[in-house]
Amino acid sequence: MGVGIGDYNLDGHLDIFKTHFADDANILYRNDGKGNFEDETRPSRLAVETRFVCWGAGIVDLDNDGNPDLFMVTGHVYPEGRKFPQYPSKTARAVFRNLGQGVFEELIEAAAGIAAPQCSRGCAFGDFDNDGDINVLVINLNEPPSLLRNDLTGNANWIKIKLEGVKSNRSAIGARVLVHYEGKVEAQAVLSQSSFFSSNDARLHYGLGRASAVDVDVFWPSGLHETFKHIQANQLVTIKESVGLVPNRGWSR
């Protein structure tokens with residue numbers, strides 16, 4: 001149905017979150033870094049939710065605590081005139097907060113704006129208001145889209161990274177970026193499309209918790225590997241292939 005790609009357990013490898021039909025659990029695959037993907041659905045506690053037909057999905061750090069969370073939108077496929085009482089057309093979105101150690105807790109009513117029922121399909125993630133946290137744009141069936149603004153409070157840090165390819169394609173699609181902080185490492189990739197018929201903000205967003213600086217490894221599609229040390233948190237960093245850090249154009253956040 002939908003696919004989210006990210007590094008939920010902070011081991012430097014890209015994992016897969018895959019949504020499914022109602023009465024079926026959504027699946028979390030852990031990448032062991034050796035070409036194998038292990039099904040972690042039950043150990044991660046994702047199997048508690050089987051009520052919804054699930055579509056767009058993402059592995060994104062919604063609270064900037066340094067542990068990427070899971071987000072998904074839902075909505076049934078049965079036409080309004082034929083819907084069954086146990087399978088309503090409009091259903092809630094869902095967030096699974098990452099508690100660390102590969103375990104999640106489901107949030108719906110406790111997460112503002114998530115419980116509103118909609119028949120949704122795609123969702124895209126990005127920081128549209130440039131305030132340092134991830135927002136979500138949801139595409140609803142036969143209704144206007146929903147723009148979910150994240151009004152995060154607290155002192156958690158973050159960093160955003162924008163890549164510009166030279167020998168690689170200019171959008172750096174296919175590049176992989178590892179961010180190292182406080183003994184952790186999070187992998188993300190620049191993708192041309194994501195979720196379900198959606199495309200995310202091309203700027204990669206990392207929640208850092210209390211970390212105030214990071215080291216960054218960039219693996220470009222051309223094969224070039226570049227490393228940048230001690231980059232300060234809470235800013236947008238633009239990295240140009242073979243050139244390095246370049247001044248930001250426009251918004252610094």
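Begin by selecting Phe-128, Leu-137, Ile-139 and Leu-147, which make a nonpolar surface patch of about 360 Å²; patches are made of residues with over 30% relative accessible area and no salt bridge, nonpolar side chains (Val, Leu, Ile, Met, Phe, Trp, Tyr) being joined within 5 Å and like charges within 9 Å. The areas come from the Shrake-Rupley method with a 1.4 Å probe, and for residues only the protein chains shown count as cover. This is a predicted model, in which local features need pLDDT of at least 70 and side-chain atom pairs count only at pLDDT 80 or more, while totals for chains, interfaces and linings use all residues. Residues are numbered from 1 along each chain as its sequence is written, and side-chain values use heavy atoms, with hydrogens and water left out.

Leu-137 counts as partly exposed because its relative accessibility is 37%, where buried means under 20%, exposed over 50%, and partly exposed in between (1.4 Å probe, protein chains only).

Next, go to the largest nonpolar core, which has 23 residues, and select Leu-163, Val-177, Val-179, Leu-208, Val-216 and Ile-239, the members that touch the most others. Such a core is a set of buried Ala, Val, Leu, Ile, Met, Phe, Trp, Tyr and Cys residues joined through side-chain atoms within 4.5 Å. Among the elements giving two or more residues to this core are strand S12 (157-164), strand S13 (176-181) and strand S16 (213-219). A second, separate core of 18 residues includes Trp-55, Val-60, Val-136 and Leu-148.

Now turn to the salt bridges, of which the whole structure holds 8, each being a side-chain nitrogen of Lys or Arg within 4 Å of a carboxyl oxygen of Asp or Glu. Select Glu-143 and Lys-90, whose closest N and O atoms are 2.9 Å apart. Glu-143 lies in the loop between S10 and strand S11 (146-148) and Lys-90 in the loop between strand S6 (69-74) and strand S7 (94-100), so the pair ties together parts that are 53 residues apart in sequence.

Finally, show the cysteines: the count of disulfides (pairs of cysteine sulfur atoms within 2.5 Å) comes to 0. The sulfur of Cys-54 has its closest cysteine sulfur in Cys-123, 11 Å away, which is too far for a bond. Cys-54 is buried, with a relative accessible area of 1%, and Cys-123 is buried, with a relative accessible area of 1%.

How values were computed
Helices (H or I, at least four residues) and strands (E, at least two) are DSSP runs, numbered from the N terminus.
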